[in-house]
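The sequence and the model come first.

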Amino acid sequence: MIWDALLLGLGYNATLVTLGAGILGIAGGVGGSFLFLRKRALVSDAVSHATLPGVGLAFVLMVAMGGDGRNLIGLLAGGAVSAAIGLLCVNWLSTRTRLAEDAAIGAVLSVFFGFGIVVLTYIQTMSSGRQAGLESFLLGSTAGMLQSDALVLVLAAALTLALVLILRRPLTLVAFDPDFALATGRNVNRIDLAMMGIVLAVTVVGLKIVGLILIVALLIIPPVTARFWTERVDRVLLGAGIVGGLSGYVGAAISAAVPDVPTGPIIVLVSFALFMISLLCAPGRGVVSSVVQHRQYQRRVHLRQGLLALAQGQPIYERLTQRLMERGGLMRGDGVATDKGRAHAAQALLDEARWQVVRSDQAYAAAALRYDGLTEMSSVLTPDQLRDIDARLPAPQGVTP
Amino acid sequence: MTITLARDKDAPTDAERRLASPLAIRGLTVSYGQKPAVFSVDMTVRAGHMTAIIGPNGAGKSTLLKAALGILKPLAGTVTVLGQPMAWQRDHIAYVPQRASVDWDFPTRVIDVVLMGMYGQLGLLGRVRAKHRAQAMDCLERVGMTDFATRQIGQLSGGQQQRVFLARALAQGADLYLLDEPFAGVDAATEQAIINVLKGLRDAGKTVVAVHHDLSTVRDYFDDVFLINTQAVAEGPVATTFTQTNLQTAYGGRLAGAQMDALADTLIGTGTGAAAR
């Protein structure tokens, strides 16, 4: 069943939803990347909550004009307008008043959402119009997705990707170093608004599938996940697109295959799974890798300190050091150094002296950067450089056995 | 070096100097809230020279620089570059901000930071080609940082980061270089590397303006000084302007007598400190 869903074998509507969610995921991940890099992730939460009154008022307006109020484009347009107003409120409050951005977000988010709920409650009492299903904008719903809806998604996603591609350099500059961006003549406020516009577009088209409460996850989790794997902006964008697309696609497929499982929350949970995998397993920035690196480093430090203690004829007290020395065949159980231990100790002492020369000479600045008290000199310098250093060493020191 | 005094008959008029200046500021006032940080400041930078902006803490040095660049919006005043509004001339201006102003955990490598200096020339969609990379590496070479090209920016020491930002400014290929405390918190080797690059720029005909805080090196590093304490105090060549009287005016009581004495070697003695020697 799951495989059928993943391979788009569950019928027309399920296929439409799965593809649509995948495309939405890509747009969300890429569109949210700069929001995350600019450290303004929560602005998207204000934007999404601010769509609600617009959706409700659009419904009221369309009913008043004689329709049944269910035109998706109309509802989304209403959501976009009120979200834009909410966004401008946050922007104005945080740049023109002394209010910090987090406070502005909290105020705008709750007020707009509260107002939206009031409007929805009023709608329930209306006698005309087909109000059933409006609340699906809260948590999303994929039942009855139409081809035209999917087309809207594809267009919006394409627009988002194109905008991010065109604006990637100004957006990078503003996120990394806003003062420099200003000094080179960029209009930082306008670039920020463009970024918010991209986020707004993704939010509005995502309302139908994921719902306004969870859309923020599709904007933020993918770039955060991608960040674990790379130190480059372009790769964060690429990775966020992949993570977002995968989450949307797989999440929608699961909810199509398993009865009575909501699409939006499943998509978010899939992206969370990818996030957890990255958090734990990513090389370099991942938790496991950090722990392993820390443990390895700790062992190397202990071993090195043990060797230096041997070389200087000092006793070793720490258990871990003793154990590591014995296991390495450097020391006997009774604390007496083996031949191998003495040789290594002499080497450690020599490297220590070499490092002192390297670190005091600017000509070796690049090499000195690799100083950690552990690295073997021969892996840092060329044989020629080593000879130069050795020639400058103080008189050779014997190793006391 | 001949020093032209304003009294000379054939000396350029104020307006002429302003037109020829790579950075001329008139009546600039910037305030935070109701308190001006910089008040009605005039400044005319000489082309092809190195100018130090000096003054006590909170005197508005960085504010002046930022307002000149359009980073801060002034309440009043004009900034012209070669007689034209600064905004038209941005391509000719490079900027090295204070180190603290950026996000050090940002996913960017040293070479990417330098390439940011070339975004103006690359445009929105222009591809980064081998020649651009070579140009960026060349800028890193000039500040002695080629070995670090692929490191994430946060992994560098403070001095190394400062050199990378200088390399980014070099990549801008500008004629006017504005630096905000380039020597703050850097090691001696970096300070030497930076000053050598700046002097190289000056010798190549570029103009350098730096906010500077170390009075003891002003004489060695700079041609001109601009003293400020909210208002402009004095402006001119180091030899005639970097005097005890001017420093006392700029720093008020904040420059302790001991500091003055330590500086006395490098100062043109017109004040009491020199007499005491």
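1. Chain A falls into domain 1 (2-263) and domain 2 (288-391), with bounds from an automatic or database domain assignment. Taken over C-alpha atoms, the centres of these two domains of chain A are 54 Å apart.

2. This is a predicted model, in which local features need pLDDT of at least 70 and side-chain atom pairs count only at pLDDT 80 or more, while totals for chains, interfaces and linings use all residues. Residues are numbered from 1 along each chain as its sequence is written, and chains are lettered from A and ligands numbered from 1 in the order in which they are written.

3. Helix H13 (residues 263-281) of chain A has 19 residues and should span 27 Å at 1.5 Å a residue, which agrees with the 27 Å between its end C-alpha atoms. The expected span is 1.5 Å times one less than the number of residues; helices are DSSP runs (H or I, at least four residues), numbered from the N terminus.

4. Among the buried residues of H13(A) are A:Ile266, A:Val270 and A:Phe275 (buried: 20 or more other C-beta atoms within 10 Å of the residue's own, C-beta atoms being placed from the backbone). The buried residues of H13(A) pack against several helices of chain A, including helix H2 (12-37) and helix H12 (233-257).

5. The contact between the chains takes 22 residues from chain A and 23 residues from chain B (in contact: C-beta atoms, placed from the backbone, within 7 Å). On the side of chain B that touches chain A, helix H3 (110-116) and helix H4 (119-122) of chain B each give two or more residues.

How values were computed:
Two residues are in contact if their C-beta atoms, placed from the backbone, lie within 7 Å. A residue is buried if 20 or more other C-beta atoms lie within 10 Å of its own, exposed if 12 or fewer, and partly exposed in between; C-beta atoms are placed from the backbone.
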